[in-house]
Amino acid sequence: MTTHVGDTGHRRTAEMPSSPWALGWTAAAAALMVFGGVMAIFEGIAAIAEDDVFVTTPNFTYAFSLAGWGWVHLILGVVVLLAGAALFTGATWARVVGVALAGLSMLANFLWLPYAPVWAIVLIVIDGFIIWALCSPREEATV
C-alpha cells in the first residue's frame, strides 16, 4: 500500500496492483481447483454406481462402503469446483476456503488410496500444489 499526500494535506492510501506472479499462481490454483473438482465429481459418480473398476482391499483400516465414498467425493468435488470458480474473482475469502477445501480433498484422497491409487495420488499432488500456490507470499508490484 502506498500513501499519497494530496493538496489538502490529508493522507489517503491506495491499494497497489498485485504482482503478476501472484495473480498467475492464483489463477493456476483456481484452474487446478476446477479440474480437481471435476475429477472428484467423476470419481464420486463412478463410486456411487459401484463400477467394477474399483477393487476393495479386505480389512482396510478406513473401511467405508464404496457408495459412501462416492457421495463424499461427489459433494466435496462440487464444493471444490464452486470454490475454484470463486477463486477467479481474486477474493481473499476464496483463497482461505480454497486452502481448507484442498486440505480436505487431500485427506479424502489419502483415505481413497486403496480403491484407486493412481487417481488418488494425482489428486493429492494437485491439492498440494493448490495449497502451495494459494499460500505463497504475495509481493507488491513496484511503480
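Author: W69 counts as buried because its relative accessibility is 7%, where buried means under 20% relative accessible area, exposed means over 50% and partly exposed lies in between, taken with a 1.4 Å probe and protein chains only. The model is predicted, so that local features need pLDDT of at least 70 and side-chain atom pairs count only at pLDDT 80 or more, while totals for chains, interfaces and linings use all residues. Residues are numbered from 1 along each chain as its sequence is written, and side-chain values use heavy atoms, with hydrogens and water left out.

W69 belongs to helix α2, which covers residues 66-87; helices (H or I, at least four residues) and strands (E, at least two) are DSSP runs, numbered from the N terminus. Although W69 and A47 are 22 residues apart in sequence, their C-alpha atoms are 6.9 Å apart in space. Helix α2 also holds L74, which is buried as well, because its relative accessible area is 18%. From L74 to V38 there are 36 residues along the chain, and the C-alpha atoms of the two are separated by 9.1 Å.

F42 sits in helix α1, residues 20-48, and is partly exposed because its relative accessible area is 48%.

The wider setting is as follows. The chain contains four helices and two strands, which follow one another along the sequence in the pattern β-β-α-α-α-α, and 35% of its 143 residues count as buried.

The axes of α2 and α3 come within 10 Å and cross at roughly 155°; axes are lines fitted to C-alpha atoms, for helices over the stretch in contact, and angles run from 0 to 180 degrees between N-to-C directions. That angle makes α2 roughly antiparallel to α3, since angles over 145 degrees count as roughly antiparallel, under 35 as roughly parallel, 65 to 115 as roughly perpendicular and the rest as oblique. The crossing of α2 and α3 is left-handed, a word used if the near helix is turned anticlockwise from the far one by less than a right angle, with right-handed used if clockwise.

Beyond this pair, helix α3 (residues 92-111) packs with helix α4 (residues 117-135) at an angle of about 160°, their axes lying 9 Å apart. α3 and α4 are therefore roughly antiparallel to each other, and α3 passes α4 in a left-handed crossing.

T92, a residue of helix α3, is exposed because its relative accessible area is 55%, and its C-alpha atom is separated by 9.8 Å from that of L134, 42 residues apart along the chain. In helix α4 lies I124, which counts as partly exposed because its relative accessibility is 21%.
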